[in-house]
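Here are some notes for a colleague who is about to look through this model.

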Amino acid sequence: EMDIKPQQSYHERGPGQNEIDFQAAEPLRAADDLVSFKSVVKTVANYNGLYASMLPKLFAEQYGCGLHVHFSLCRDGRSILAPNILQSDLVGQHFIAGILRRIREITLFLNPLTNSYARFGSFEAPAYISWSDKSRFQLISFPLAGDNSVHMELRSPDACLNPYLAFALLLNAGLEGVEQRLLLAEPQHTENQGADLPRLPYDLGEAIAAAQTSEFVQSVLTPEILQHFVAAKQEEWQYYQQQKDKAAAEEELYFGVY
């Protein structure tokens with residue numbers, strides 16, 4: 001028995017699209033739950049003559065599929081994040097600032113496919129590196145939980161990531177922010193995000209370059225893991241660039257796998 005515990009599920013905005021919300025869990029358990037859930041969904045769909053796809057942008061003119069990662073930051077069992085984030089415990093602010101600082105460098109591991117980048121910047125998916133405790137459309141937002149505690153929501157990742165690598169990088173980025181007491185930038189409260197804001201990588205190639213030159217990524221992942229992961233992604237990117245029919249290339253690379 002896998003004992004996976006979804007909190008709620010409901011139809012989303014895209015055709016055949018559903019959102020599954022899981023109960024909070026420790027990072028390793030959360031990663032295990034995600035891997036198990038994806039396997040179960042695909043197996044049950046196949047048994048019923050269907051195919052369950054978790055590609056980030058399956059249909060160009062429809063909502064994409066993200067994997068919003070939520071963080072609860074607590075001390076002595078109580079949330080250290082307040083509804084007004086700039087009035088929160090400084091440790092919480094430092095943690096958020098750490099993730100914002102490293103997000104470009106680790107995007108390759110949060111959004112690992114060429115298809116991942118077609119989702120950014122449209123249909124409410126983030127494109128810029130920003131946060132808000134009033135707008136839900138920024139890269140980082142702060143939903144209010146049922147017990148009136150606030151948690152952090154990172155909205156850029158998608159379900160094609162390796163959660164073990166992704167969660168390790170995110171946690172280390174946040175902890176680095178705490179250790180270095182990074183200051184949190186001003187929030188962005190409107191949907192109209194200006195060009196003066198830093199942006200997430202435009203494509204897989206840009207994400208690969210950011211990860212390759214990142215001393216932070218090299219400090220978290222072993223050389224073997226980093227080398228093999230980057231080599232695989234470079235091969236995908238080079239193949240994709242060489243193909244005239246990009247949609248067909250992505251179908252060949254990913255459909256049936258993700």
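1. In which helix do Arg29 and Asp33 both lie, and how many residues apart are they? Both lie in helix H1, four residues apart, which is about one turn of the helix. Helices here are DSSP runs of H or I with at least four residues, and strands are E runs of at least two, numbered from the N terminus. An α-helix has 3.6 residues a turn, so residues three or four places apart point the same way.

2. Before going further, please keep in mind that this is a predicted model, in which local features need pLDDT of at least 70 and side-chain atom pairs count only at pLDDT 80 or more, whereas totals for chains, interfaces and linings use all residues. Residues are numbered from 1 along each chain as its sequence is written, and side-chain values use heavy atoms, with hydrogens and water left out.

3. Arg29 and Asp33 form a salt bridge (a side-chain nitrogen of Lys or Arg within 4 Å of a carboxyl oxygen of Asp or Glu), with 2.8 Å between the closest N and O atoms. Buried means under 20% relative accessible area, exposed over 50% and partly exposed in between, with a 1.4 Å probe and protein chains only.

4. Helix H1 has 21 residues and reaches 30 Å from its first C-alpha to its last, close to the 30 Å expected at 1.5 Å a residue, where the expected span is 1.5 Å times one less than the number of residues. Its buried residues are Ala31, Asp33, Leu34, Phe37, Lys38 and Ala45. They lie on the same side of H1, because they cover an arc of only 160° around the axis, the arc being that of the directions from the helix axis to the C-beta atoms. The face turned away from this buried side carries the exposed residues Leu28, Thr43, Asn46 and Tyr47.

5. The whole structure holds nine salt bridges. In one of them, Glu206 pairs with Arg104, the closest N and O atoms being 3.1 Å apart. This pair links distant parts of the chain, since Glu206 is in helix H4 (residues 204–212) and Arg104 in helix H2 (residues 90–110), 102 residues apart. Glu206 counts as partly exposed at 26% relative accessibility, and Arg104 does so at 28%. Elsewhere, Arg101, Arg102, Glu105 and Glu176 are linked in a network of salt bridges.

6. As to the cysteines, a search of the whole structure finds zero disulfides, a disulfide being a pair of cysteine sulfur atoms within 2.5 Å. For Cys65 the closest cysteine sulfur is that of Cys160, and the 8.9 Å between them is too far for a bond. Cys65 itself counts as partly exposed because its relative accessibility is 25%.

7. Finally, Tyr51, Leu58, Phe59 and Phe255 make a nonpolar surface patch of about 360 Å². Patches are made of residues with over 30% relative accessible area and no salt bridge, with like charges joined within 9 Å and nonpolar side chains (Val, Leu, Ile, Met, Phe, Trp, Tyr) within 5 Å. Leu58 lies in the loop between helix H1 (27–47) and strand S3 (69–71), and at 37% relative accessibility Leu58 counts as partly exposed.

Technical notes. Areas by Shrake-Rupley, 256 points an atom, 1.4 Å probe, with all protein chains shown as cover.
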